[in-house]
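Biologist: I would like to learn how the contact between two chains is read from a model. Could you take me through it step by step?

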2 protein chains.
Amino acid sequence: MIKTVRYNAGEPNSTLDRIRSRALDMNQALVAQVGEIVECVRSTGDEALVRFTKQFDDVDLDFHKLRVDPDFIRSTASRADSRVVDAFRIAIANIRAFHERQLESGWELASEHGVVGQRILPVASAGLYVPGGRAAYPSTVVMNTIPAQVAGVKRIAIATPPGSLEHNPTIAAVISELGIEEVYRIGGAQAIAALAFGTPSIPRVDKIIGPGNVYVAIAKKLVFGVVGIDSIAGPTEVVVIADHTADPRFVAADLLAQAEHDEAASSICITTDAALAREVASEVERQLATLDRRSIAAASIERYGAVFVVESIEAGCELTNLIAPEHLELMTENDARAASLIENAGAIFFGPYSSEPVGDYIAGPNHVLPTLGTARFSSALGVHDFIKRQSIIRYSREALSKNADAIATMAEAEGLTAHKRAVLLRTGDVS
Amino acid sequence: MIKTVRYNAGEPNSTLDRIRSRALDMNQALVAQVGEIVECVRSTGDEALVRFTKQFDDVDLDFHKLRVDPDFIRSTASRADSRVVDAFRIAIANIRAFHERQLESGWELASEHGVVGQRILPVASAGLYVPGGRAAYPSTVVMNTIPAQVAGVKRIAIATPPGSLEHNPTIAAVISELGIEEVYRIGGAQAIAALAFGTPSIPRVDKIIGPGNVYVAIAKKLVFGVVGIDSIAGPTEVVVIADHTADPRFVAADLLAQAEHDEAASSICITTDAALAREVASEVERQLATLDRRSIAAASIERYGAVFVVESIEAGCELTNLIAPEHLELMTENDARAASLIENAGAIFFGPYSSEPVGDYIAGPNHVLPTLGTARFSSALGVHDFIKRQSIIRYSREALSKNADAIATMAEAEGLTAHKRAVLLRTGDVS
């Protein structure tokens, strides 16, 4: 049963506290274990990859089989359901159109002081981790790959545990559809380490993206700095702000769609209407009964689900800003007004027909979104994650002369007199 | 004496290996020690701040003195040299103009599929760490603050060790000039923890920026995820690509300007001209002799300085891409051509008069730049570090109907049947 709780700003609220206590479990022992795997791959390369693949996946890999044969990708792809592949083609077109709009151009600004500007270049290479088993979502492969391709990343490599393509031909189909040919049969922390440091068989990449289990998450955190990473994905979450105009069946269905992902997912309705709260709760029960993944969804609703009753839309938006949810749905009389009060949310879905799965699959915006409150300071994966902004400075002799005094004064004030000297040497004031 | 070394691509090069071996020293013992400080501040708040300030800074703080009185900032600021403050005013105007050009607008894209878009919002709050002692650079306060202000960040808080304003009135002056009134007398890892988690006296922030010693760097890495961070700053570095047209005095002066920062700084000239290499080496010796900070500069040049002689500008650019320097200066016959071969560099300085201090102080681009090879995947601090991109999805009933089949097909293929159900409920295909 989903809990219904009144929420008053500033007052203690144990339901909210429990929801906000969710965190990635990166305990010391796990971190040390992953640290050893990473170090071992860094120092012994392919040998470590073969050994860990035997140990963790119980698969005997030869060095020369680390890379998946492109023909094998194509033949596996041909086993995918063509209706599914057609649907992904529509999604790919929409996702590409959205991300193309994110492209930025370089620019220059000229003034009496000189020319300054910004160049935009794609990172040279990206490595995408694709988990195995049930967590392997072809839609996530698409969402991670397209912004990199739109940014202009020349080399995109995938690492995925042995057997994942065989078990899920749709993954092979979208890989084919996206034109990726560099795929390695390596999973877990060892895959992240290989992509970060490189091995004789796997050239290192500049940026690692993609979700994974806790070992993968810790490995990404450990290699951050050696390589760029996207973010550490946490369990998924949705907040639905609803008033008396909302359809409780829609609200309940969307809470359950989130809850079926994971027992640690969090599905929250925030409403001004106590009657709606009751109807949503009973709809959740009714719809839950027939779901395929009802045991997962029920556990998630039990642990991290809630309907908060608030006194106004303003109060509901403040609560939302505190939670900073990955997904926010608005089903109110005036969604534009509610949205204007929202500071923190990864993606905002407007109105009763913008169900969250629309964004998961087809609309175009990225479904890789900030979780666990990180929407306070971070954003959906996008083209900006795959570019470098290089500053440009071009000063003439005249521009330098005009500014030499000011630079020398500031450098002197900071005690950096070789900085001052480098400028005065050029103006002829020192030799 | 700076080493002169021939560099041939693909061949082992011990000088290059030594330069590339530079890394932040984040050893296990230090990480554990910083972890305890962070945890202690998280659990006991202001009490821990007072205790650590006594322990590390030998200063007795009362809780109510954690925050610096705005009048004290103003009175300290008035002791700064007015010529220096005037120079900073010029810099502030240029830096603001550059960063205003980085501002992005939101947008929407409408199609038969529905409306999608992107909203741009500033993060609500940012915390800037300002180190004490000789590492306190007013220019860095300016460079960290302006992009946040231009992005529209409403609350900017500074944490700096006790005494740092008193010892350096120019810091107080730029804080005043920038209009920042929220300043705390707290340094080290405990300051980072306070900004990340909040204490009764110091409300938490959404993003932490600013340089610091190794304790600060480790603390930033530990709290990353709870709060956004800029990057972990490493020692500074410059590469100068020079051919026979370059003035060896200018090259040497710029190598030394970098070297005076820090014994771990790295100053590298890459040249096609063996004669220039010799002249640069002898100029480095000549100019070094009279530098104020010659012992630091000499140690840096000895450990991580080098002149690499290469066979072509192409080879020099490839070597530069491998190093991915924070700063790159081009002093060649055709700098535009050289720049077109550069993939990895934080900032590029064109021609003999664009000495690196021009960018440190006055030109406008940010001097907070990626170090230690991270220019492969990251960029100068900018407005983009202080915004959130929120995705927007607004589907009508018609748009949803058009796409319902495709969404249902993909959701089904991924085993997420509650996702499918949320869509089909709206089209009336399930109840």
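**Reading the interface**

Modeller: This is a predicted model, and across the interface of chain B and chain A there are 68 residue pairs in polar contact, with both residues at pLDDT 80 or more.

Biologist: How many salt bridges are counted between chain B and chain A?

Modeller: The count is 8 salt bridges, including one in which the side chains of A:Lys388 and B:Glu343 meet at 3.6 Å, N to O.

Biologist: What area is buried between chain B and chain A?

Modeller: The size of an interface is often given as the accessible area lost when the parts come together. Here about 10400 Å² is buried between the two chains, and carbon and sulfur atoms give 58% of that area. B:Tyr353, B:Arg376 and B:Arg426 supply 8% of the area that chain B buries against chain A, more than any other three residues.

Biologist: Which rotation superposes chain B on chain A?

Modeller: A rotation of 180° does, with 0.0 Å of shift along its axis and an RMSD of 0.0 Å, which is the relation of a two-fold axis. Moreover, 100% of the interface residues of chain B are also interface residues in chain A, so the copies meet through the same surface.

Biologist: Turning to the fold, what is the strand order of the open sheet in chain B?

Modeller: The 5 strands of this open sheet in chain B run in the order 6-5-4-7-8, with parallel pairing. Strand 6 (182–184) and strand 8 (228–229) of chain B stand at the edges with a single partner strand each, so one side of each is left without a neighbour in the sheet.

Note on methods. Residues are numbered from 1 along each chain as its sequence is written. Chains are lettered from A and ligands numbered from 1 in the order in which they are written. This is a predicted model: local features need pLDDT of at least 70, side-chain atom pairs count only at pLDDT 80 or more; totals for chains, interfaces and linings use all residues. Side-chain values use heavy atoms; hydrogens and water are left out. Copies are superposed by least squares on the C-alpha atoms of residues with pLDDT of at least 70 in both. Contact means heavy atoms within 4.5 Å. Two strands pair if DSSP finds at least two bridges between them. Helices (H or I, at least four residues) and strands (E, at least two) are DSSP runs, numbered from the N terminus. Buried area is the accessible area (1.4 Å probe) that two parts lose on being put together, summed over both. A salt bridge is a side-chain nitrogen of Lys or Arg within 4 Å of a carboxyl oxygen of Asp or Glu. A polar contact is a pair of N or O atoms within 3.5 Å; within protein, one must be able to donate a hydrogen and the other to accept it, and residues adjacent in sequence count only if both atoms are side-chain atoms.
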